Amino acid sequence: MHALLDLLDLERIEQDIFRGQSRASVVPRVFGGQVAAQALVAAGRTVPADRSPSSPLRSSRGGPIPHSLHAYFLRPGDPGAPIVYTVDRIRDGRSFTTRRVVAVQHGKPIFHLTASFHAHEEAALEHQEPMPAAPDPLTLPTQAELLPRYADRFREPDMVQRLLEARAAVDLRYVEEPPFGSVGTAREPRSQVWFRTDGKLDGPEDLPLLHICLVTYVSDMTLLDSILLAHGRGGWAVGDVVGASLDHAMWFHRPLRADEWLLYDQESPTARGGRGLGQGRIFTADGQLAVSVIQEGVVRVPWS
């Protein structure tokens, strides 16, 4: 987890310009959750500390918290090159602050994000959907226990180790079999995972914005799984589909901590024309709806 935290600790090279590095990925491009999380870090570092949608999110050190983000993945990122993030201060209003971030590599934009921050306010209207049923995460297998069961289904012999390394900072547990566990059998396009960081955040690292950025990082890991389930496909690790994230949107509703168990409830309402849509809701362990997520991705069957 410390390596992931270092990854999110961007270098400031000018007032509103930051530089980030990448880590090795299981695909030959920068992981989308990484660039989204880094862009959100860059945006947050230019925002006044009072921009928080819910005061309990603030630690004793305070800090801004976004209430939403909208992003587009424009080009595959090069994991061997640094990424430069340029922040535009679009708006600083009395209640809302808006930032636009462009991530650039080799002189070309690879990612675009707009994030909005809201000053805390008390409101009388409040409701949420109930949390769906899910088993206790501690009763579910860890990645180290689960992935070796499917080693013979992966297209490369070292895929288990690569997946474990890529997810080493996150304790992620599938409620039911993942797509690569049910290849050839179509299922309802719904999936659930529990997740939390593999370690507690404390001291100077326990910043509200960092918890949000860590959840943003994880949100791109499994959101399109439900598309694969609907068609009995195993995914890119199996080699029966190719794809990539196209756009990503998140709304942050209530307090959360990335180092405590979060339930990621996901579904796909449609897929067509080489694109599929994934929708997700992230709940805290006590049933609070904390985040809503929507993503569209390219999902294609490779030519034989």
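Me: Which is His106, buried or exposed?
Reply: The relative accessible area of His106 is 63%. Buried means under 20%, exposed over 50% and partly exposed in between, with a 1.4 Å probe and protein chains only. At 63%, His106 is therefore exposed.

Me: What kind of model is this?
Reply: Residues are numbered from 1 along each chain as its sequence is written, and side-chain values use heavy atoms, leaving out hydrogens and water. Local features need pLDDT of at least 70, side-chain atom pairs count only at pLDDT 80 or more, and totals for chains, interfaces and linings use all residues, since the model is predicted.

Me: What value is phi of His106 near?
Reply: His106 sits in the loop between β5 and β6 (108-118). Strands (E, at least two residues) and helices (H or I, at least four) are DSSP runs numbered from the N terminus. Most residues other than glycine have a negative phi. In His106, a residue other than glycine, phi is positive, near 50°.

Me: Which backbone oxygen does the side chain of Gln105 reach at 2.9 Å?
Reply: Gln105 belongs to strand β5 (residues 96-105) and is buried, with a relative accessible area of 4%. Its contacts (heavy atoms within 4.5 Å), not counting residues up to four places away in sequence, include Gly77, Asp78 and Ile110. A polar atom of the Gln105 side chain also lies 3.5 Å from the backbone oxygen of Pro82. The oxygen at 2.9 Å belongs to Ala81.

Me: How many residues of α2 are buried?
Reply: Helix α2 (residues 32-44) reaches 18 Å from its first C-alpha to its last, close to the 18 Å expected at 1.5 Å a residue. That expected span is 1.5 Å times one less than the number of residues. The helix is largely enclosed by the rest of the structure because its buried residues number 13 of the 13.

Me: Which strand gives the largest share of the lining of the largest cavity?
Reply: The largest cavity has a volume of about 30 Å³. Its lining has four nonpolar, two polar and four charged residues, including Tyr174, Glu176 and Arg187. The largest share, three residues, comes from strand β8 (residues 190-197).

Key:
Polar contact = N/O pair within 3.5 Å; in protein donor to acceptor, adjacent residues only side chain to side chain. 1 Å grid on protein atoms, 1.4 Å probe; cavity = no way out; pocket = protein on both sides within 12 Å on 5 of 7 lines; lining within 4 Å. Points joined across faces, edges and corners; volume = space filled by probe spheres on them. Nonpolar A, V, L, I, M, F, W, Y, C, P; charged D, E, K, R; others polar.
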